[in-house]
Amino acid sequence: MNIDQSWTLIEKTLKSKFPSVEATLNSGASLEKLDELEALVGQPLPADFRASLLRHDGQFDPTRQLDLINFNRLLTVDEMIQEWRLFQELFIDFDEIEWLTPIKIKNLVWSPGWIKFTDADGSGFVVDLDPAASGVSGQVFYRQNSENETETWADSYSEFLSRLATLLDRGEYELVHGCPYVDI
C-alpha cells in the first residue's frame, strides 16, 4: 500500500471511530519546510516520509490527549526541526554505548541521521537515515528516553504506515483513553 492509500484508510477509520483524533490532523507541510528539514539533517528525506508529510504535517492537539498511535502524537515538521536541534545540542558529544550491540540501529544515544516524528513524553518513533551495517536507510524504530532500542518496527516509513492503516481498518486495536492502541 502506498502512502496515499494508507492515509486514506487511516482517515476513513479515524473519521468513523475516532473523529476527535481525525480532527487533529494538520494539512500538509510546505515544500520549504521539508527542504529546511532536509538541509538540517544533511540528506534527502525518504520519498515515502516526504509524501506523508505533504499529506499531513503532524497533529494539532493542545490537549495532548488525542494521539494517533500508542500514546504518540504526530509531530509537525517545525517540531521535528526543534527536536533534532535539541538532541544535537544535548547528545552530540556522547560516545557509542559499549554494551549495546548494533544490528540494524547504531548504538548511539542520538544520531544526526535520526528524525523523531512522534512524541510521547520524550519518547517517539524515528525515521533512521543513519542505520547500522545490517539496517536500511529509512527504517523506523521506537526511541525511548529511558533505554536504547535494538529492534526496528519497519524497514520503511511506508511499511510502518501501511501496517498501522491495516490494523486500524481491521479493528485490531484497543481503545485506550479514547485513542487507538495497536500492536504494530
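Me: What share of the contacts with a separation of 6 or more joins residues 24 or more positions apart?
Reply: It's 57% in this protein, where a contact means heavy atoms within 4.5 Å. Keep in mind that this is a predicted model, where local features need pLDDT of at least 70, side-chain atom pairs count only at pLDDT 80 or more, and totals for chains, interfaces and linings use all residues. Residues are numbered from 1 along each chain as its sequence is written, and side-chain values use heavy atoms, leaving out hydrogens and water.

Me: What makes the protein as compact as a globular protein of that length?
Reply: The protein has 6 helices and 8 strands (DSSP runs: H or I of at least four residues, E of at least two). Its radius of gyration is 16 Å, close to the 16 Å from the globule rule for 184 residues, so it is as compact as a globular protein of that length. That radius is taken over C-alpha atoms, and the rule is 2.2 Å times the number of residues to the power 0.38.

Me: How many of the 184 residues count as buried, as a percentage?
Reply: 51% do, with buried meaning under 20% relative accessible area (1.4 Å probe, protein chains only).

Me: Which kinds of residue line the largest cavity?
Reply: The lining divides into 8 nonpolar, 3 polar and no charged. Trp7, Phe49 and Met80 are among them. Ala, Val, Leu, Ile, Met, Phe, Trp, Tyr, Cys and Pro count as nonpolar, Asp, Glu, Lys and Arg as charged, and the others, Gly among them, as polar.

Technical notes:
1 Å grid on protein atoms, 1.4 Å probe; cavity = no way out; pocket = protein on both sides within 12 Å on 5 of 7 lines; lining within 4 Å. Buried < 20%, exposed > 50% of the residue type's maximum accessible area, 1.4 Å probe, protein only.
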